[in-house]
Amino acid sequence: MRKKIVAGNWKMNCLLEEGQKLTSEIVHMIKDEPTAGVTVVLNPPYVHLQAVGRLLAGVDQLFLGGQNCSDKASGAYTGEISAAMLASFGASYVIIGHSERREYFKETNELLTEKTKQALSNGLHPIFCCGEPLEIRESGSHEAYVKDQLTASLFGFTEEELKKIVIAYEPIWAIGTGKTASADQAQEMHAAIRNHLAGKYGETVAHEISILYGGSCKPDNAKEIFSKPDVDGGLIGGASLKSRDFVDIVKSF
């Protein structure tokens, strides 16, 4: 049975005390409210890892994640953070290839393969992001575009390695724009992604991979989106900065 996962991507938000307060609120809500069966991942900025990790300790369904990692193991790479460093802080997950990393920092499919290798070799589960911008969606080539991203970055991994990877589909046109893909649009793309994985690795492996939706998911639309058969949760941006909204999304299954 595929994991149901809700991951909060804080991006470059929250000062130290704000992050601690947000985490504490989420921890208490998760403990007090019925959210059994959902894996919850908090992905704060690097500087919060230790503080957030301590607050998550001992809560079975809560896990720590990084927002990015280097494609190098170690060395003279000022400002970079290695996958081994994330693991040493107790992280279990790391976001790879978020649309903002691809757009603003020009991360290529080849670079993302190396980052994924680093994550896997250090025991982290990559949350690998893929998705199309508005012009690709409007041209009707969105499925081919996303399939090309997956083929280029992930199809060199073994079946066992792929099983450790979580896919996050981001309709880039729906991130921070107020637009949201409909539940049917999300299902259509998630099914296309799963079928593409099946074509390379077989149906059994493809049906073990969790595929998350990452486009302006909120408490008022999460339930409908999560009800779709190929949607296994969400990679949550803005709503992850509000404890009540985030936990309500977690409870949307």
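Buried here means under 20% relative accessible area, exposed means over 50%, and partly exposed is in between (1.4 Å probe, protein chains only). Helices (H or I, at least four residues) and strands (E, at least two) are DSSP runs, numbered from the N terminus. The model is predicted, so local features need pLDDT of at least 70 and side-chain atom pairs count only at pLDDT 80 or more, while totals for chains, interfaces and linings use all residues. Residues are numbered from 1 along each chain as its sequence is written, and side-chain values use heavy atoms, with hydrogens and water left out.

**View 1. A look at helix 5 (residues 109–121) and what it packs against.** The buried residues of this helix are Leu112, Thr113, Lys115, Thr116, Gln118, Ala119 and Leu120. They pack against helix 3 (83–88), strand 4, helix 4 (99–104), strand 5 (125–130), helix 7 (142–154) and helix 8 (159–162), where contact means heavy atoms within 4.5 Å.

**View 2. Ala152, a residue of helix 7.** Is Ala152 buried or partly exposed? It counts as partly exposed, because its relative accessibility is 39%. Leaving out residues up to four places away in sequence, Ala152 touches Asn109 and Thr113. Leu112 is 40 residues from Ala152 along the chain, yet their C-alpha atoms are separated by 9.3 Å.

**View 3. Val94, sitting in strand 4 (residues 93–96).** With 0% relative accessibility, Val94 counts as buried. Its contacts, not counting residues up to four places away in sequence, include Gly66, Leu86, Ala119 and Ile127. From Val94 to Leu120 is 26 residues in sequence, but 9.8 Å in space, C-alpha to C-alpha.

**View 4. Strand 1 (residues 4–9) and the strands it pairs with.** Five of the six residues of strand 1 are buried, so the strand is largely enclosed by the rest of the structure. Two strands pair if DSSP finds at least two bridges between them. Strand 1 pairs with strand 2 (residues 38–43) in the parallel sense over six bridges, and Lys4 has Val38 as its bridge partner there. Strand 8 (residues 233–236) also runs parallel to strand 1, joined by four bridges, with Ile5 opposite Gly233. Strand 1, helix 1 (residues 16–32) and strand 2 form a right-handed β-α-β unit: with the strands pointing away from the viewer, the path from the first strand over the helix to the second runs clockwise.

**View 5. The nonpolar cores.** A nonpolar core is a set of buried Ala, Val, Leu, Ile, Met, Phe, Trp, Tyr and Cys residues joined through side-chain atoms within 4.5 Å. The largest one has 64 residues, and those with the most contacts inside it are Leu154, Ile167, Ile193 and Tyr213. Its largest share, eight residues, comes from helix 9 (residues 183–201). A second, separate core has 11 residues, among them Tyr93, Ile127, Cys129 and Leu235.

**View 6. The cysteines, with zero disulfides counted.** A disulfide is a pair of cysteine sulfur atoms within 2.5 Å. Cys217 is in no disulfide either, as the nearest cysteine sulfur, in Cys129, is 14 Å away.
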